2 protein chains.
Amino acid sequence: MTDKTTHSPHLTPLAASLPATVPFIGPEAQERANGTAFKARLGANESVFGPSPKAVQAMADTAADAWMYGDPESHDLRHALSATHGIPAENIVVGAGIDGLLDSIVRLTVTQGDHVVTSAGAYPTFNYHVTGYGGTVHTVPYTADHEDPERLIAKARQVGAKLVYISNPDNPMGTCHDAQTILLMIQNLPEGCLLVLDEAYVELAPDGTAPAFNIHDPKVIRTRTFSKAYGLAGARVGYAVGHVDLISAFNRVRNHFGMSRVSQAGALAALADAEWLTHVRRQVQTSRAALTQIAEDNGLTALPSATNFVAIDCGQDGAFARAMLTGLTARGIFVRMPFVSPQDRCIRISCGSPQDMALVAAALPEALTEASAAAPATSRNL
Amino acid sequence: MTDKTTHSPHLTPLAASLPATVPFIGPEAQERANGTAFKARLGANESVFGPSPKAVQAMADTAADAWMYGDPESHDLRHALSATHGIPAENIVVGAGIDGLLDSIVRLTVTQGDHVVTSAGAYPTFNYHVTGYGGTVHTVPYTADHEDPERLIAKARQVGAKLVYISNPDNPMGTCHDAQTILLMIQNLPEGCLLVLDEAYVELAPDGTAPAFNIHDPKVIRTRTFSKAYGLAGARVGYAVGHVDLISAFNRVRNHFGMSRVSQAGALAALADAEWLTHVRRQVQTSRAALTQIAEDNGLTALPSATNFVAIDCGQDGAFARAMLTGLTARGIFVRMPFVSPQDRCIRISCGSPQDMALVAAALPEALTEASAAAPATSRNL
């Protein structure tokens, strides 16, 4: 009885071998399971400050045009990005968020038997795609809560990696490297290895974080998104920048008509509204400070953040941080935490409004008391 | 110099082997090339009648919420579809249009060395995905402008196909089979072969076109979309229905956070507005009749259509029909035509508003005169 099999008989051997796990459970699924809505949505590093009102208006205005497919070339958006970054449009490909672009990048470069290097506990959706195309993921540990370029490069050399992944700034720790460190990493890339430089949060990082674009370098592809600083996670618009030979290869595999027309309009308007980006940066800065203060008020340590979230070191092990997370969740606050030790001593809280911060300030001491009662501190990791 | 290579050194052998062609050029690219906007957009079988006003309102209302990722489970939409079709939600997967779903279907089931069967001149995006995952596409001819289930099955048996594709109703000819014919095709599927039944246009087809859903049959997966009758091509929402073992396998490869939140809201509202669907069906019927009349008035033959477009037989060969298409395009009317002989004796015109029909009625005789002058009829194909 096929009803009793666990997978379809039609799957390829690779597809049949893949785990049925998903990188993240959405907050809506948690809300359905809990039977109540979250009071504060601070788990997915979305921008609660919202997209530019001009982007909202552009999307609302375009809704009636949704009968038309989006321009498969995303011409206007690519050319606006071209002007913003001072690079040719042919070096830019637009896709359905960085997740969609990572899918294409991995599909273009990784096949069964290939090796890929990332950091233990870095972005799981990248690993999901590597595994999904039959590649083998190798990891190196973080060093002092930073992804470690030297270790990544050494491992890439050791395993003959096709890809090495780094996010700068990093998710989930919020730390970052300066441009010089990234340039040195690029310089040291082994032959045949492509660097995937994920800059999802770069608009929120200090000046000097992003190296200048070098579109002539075939060894680097960089991904950016409208999901974070631009507040359009639900619109699904990201882009990748790289050498024209690599960028043009996306046209061989991407879903050409995959972009929402409404989202294209929203992203275009968001990009044009530099004032809103400045406003969001200020809000993020204020909220980072608030989260840092809340941590301090509770005897905990907030890691310095170059992103729109703050990792709070709960001072003990993963089980303790997990108990903290459970306590916050029970109080209607959606947060997440790193998956891997030793980063999993932290909880990760997205920046939010003053109301969100007040909710966190009220809930965190209670969660801390509960977690401490359940698992009294015996030692401090790290 | 890498600048002079035609493809990136990082590509997999498969990716490096893929052609750089794309299935369709968008109308926007043509408009940019021509330097003028089309007066009538009738080439992509979009619904010029638009989405339900309630869907437009829902999208406009949701624009400000676009800072939140869409629910990765598309729970509400899947459950609404479940209620509409009377099948469990676990048998439905929502994706970014049928194109995105076809990508996942092919990725899950086809690998290098696998064989796939479709009709010569059927949906090229399906072939694009098959080639893209290393499969080999085999084709059989249409029979009397219908995709031919018997030939498809025979070829599938002959080549040991993993997949056989049929669209019902068909694109680009607009013809359809009744449910009984499809059921017989399913019954005759060879062992190990999955039928991909693309029902993009089924809401516009006569009653009796779609077989009842049989979610217990592991040999069929059906794709549907909000792009056609529901008028939401630019929102990118489709769904596939099949056996739970196959549907659940999508969770191993799909981009879980790939759906636009705005689009999810639009599709949900569109699905709920049955009156608008009825309205669109009437408009489509009126426009089909208008296109048929225009064909007749010019001594041409319109094929009977079960879709929101009409294939007009121009009575000669592909070059002649291409000249007709060029003439219409030059007059500001975006249309397309089948790629393959003998279907390419036709041009394919999407249903449109009375204004659109008036533009076609005015332009078509001129295009016909031009085409006839350039290539005088010597023989009539078919």
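## A cis proline in chain A

Pro172(A) sits in the loop between strand S5 (163–167) and helix H8 (179–187) of chain A. Helices (H or I, at least four residues) and strands (E, at least two) are DSSP runs, numbered from the N terminus. The peptide bond that leads from Asn171(A) into Pro172(A) is cis, with omega near 20 degrees.

This is a predicted model: local features need pLDDT of at least 70, side-chain atom pairs count only at pLDDT 80 or more, and totals for chains, interfaces and linings use all residues. Residues are numbered from 1 along each chain as its sequence is written, chains are lettered from A and ligands numbered from 1 in the order in which they are written, and side-chain values use heavy atoms, leaving out hydrogens and water.

## Other backbone features

Chain B has a cis peptide bond between Ser341(B) and Pro342(B), with omega about 0 degrees. Pro342(B) belongs to the loop between strand S11 (333–334) and strand S12 (346–350) of chain B.

Two residues have positive phi without being glycine. Asp145(A) has a phi of about 65 degrees. Its loop runs between strand S4 (136–140) and helix H7 (149–159) of chain A. Asp145(A) is buried, with a relative accessible area of 12%. Buried means under 20% relative accessible area, exposed over 50%, and partly exposed in between (1.4 Å probe, protein chains only). In chain B, Ser74(B) has a phi near 40 degrees. Ser74(B) lies in the loop between helix H3 (53–62) and helix H4 (75–85) of chain B. Ser74(B) is buried too, at 5% relative accessibility.

## Chain A overall

Chain A has 13 helices and twelve strands. Its C-alpha trace spans about 60 × 55 × 50 Å along the principal axes. A compact globule of 382 residues would have a radius of gyration near 21 Å, and chain A agrees, with 21 Å. That radius is taken over C-alpha atoms; the globule rule is 2.2 Å times the number of residues to the power 0.38.

Of the 382 residues of chain A, 64% count as buried. The accessible surface of the chain comes to about 13700 Å², and 54% of this belongs to carbon and sulfur atoms. Accessible areas come from the Shrake-Rupley method with a 1.4 Å probe; for residues, only the protein chains shown count as cover. Among contacts in chain A between residues at least 6 apart in sequence, 73% join residues at least 24 apart. Contact means heavy atoms within 4.5 Å.

## The annotated domain

UniProt, in an unreviewed entry, places the feature "domain: Aminotransferase class I/classII large" at residues 41–363 of chain A. UniProt positions follow the numbering used here, feature names are shortened, and annotations may be inferred rather than shown by experiment. The end C-alpha atoms of residues 41–363 of chain A lie 14 Å apart. The span is 40% helix and 15% strand.

## Nonpolar cores

The largest nonpolar core has 126 residues. Such a core is a set of buried Ala, Val, Leu, Ile, Met, Phe, Trp, Tyr and Cys residues joined through side-chain atoms within 4.5 Å. Among the members that touch the most others are Phe226(A), Ile347(A), Leu364(A) and Phe226(B). Apart from this core lies another, of 87 residues, including Ala200(A), Ala15(B), Tyr165(B) and Phe309(B).

Not counting residues up to four places away in sequence, Phe226(B) touches several residues, among them Leu77(B), Leu81(B), Val237(B), Tyr239(B) and Leu271(B).

## Salt bridges

The whole structure has 26 salt bridges over all chains. A salt bridge is a side-chain nitrogen of Lys or Arg within 4 Å of a carboxyl oxygen of Asp or Glu. Glu46(A) pairs with Arg41(A) (2.8 Å, N to O). Both Glu46(A) and Arg41(A) are buried. A network of salt bridges links Glu28(A), Arg41(A), Glu46(A) and Arg261(B).

Glu366(A) and Arg331(A) form another bridge (2.6 Å, N to O). Glu366(A) lies in helix H13 (residues 354–374) of chain A and Arg331(A) in the loop between helix H12 (318–330) and strand S11 (333–334), so the pair ties together parts 35 residues apart in sequence. Glu366(A) is partly exposed, at 42% relative accessibility. In chain B, Arg331(B) meets Glu370(B) (2.5 Å, N to O). Arg331(B) is in the loop between helix H12 (318–330) and S11 of chain B, and Glu370(B) is in helix H13 (residues 354–374), 39 residues apart. Arg331(B) is buried at 19% relative accessibility, whereas Glu370(B) is partly exposed at 41%.
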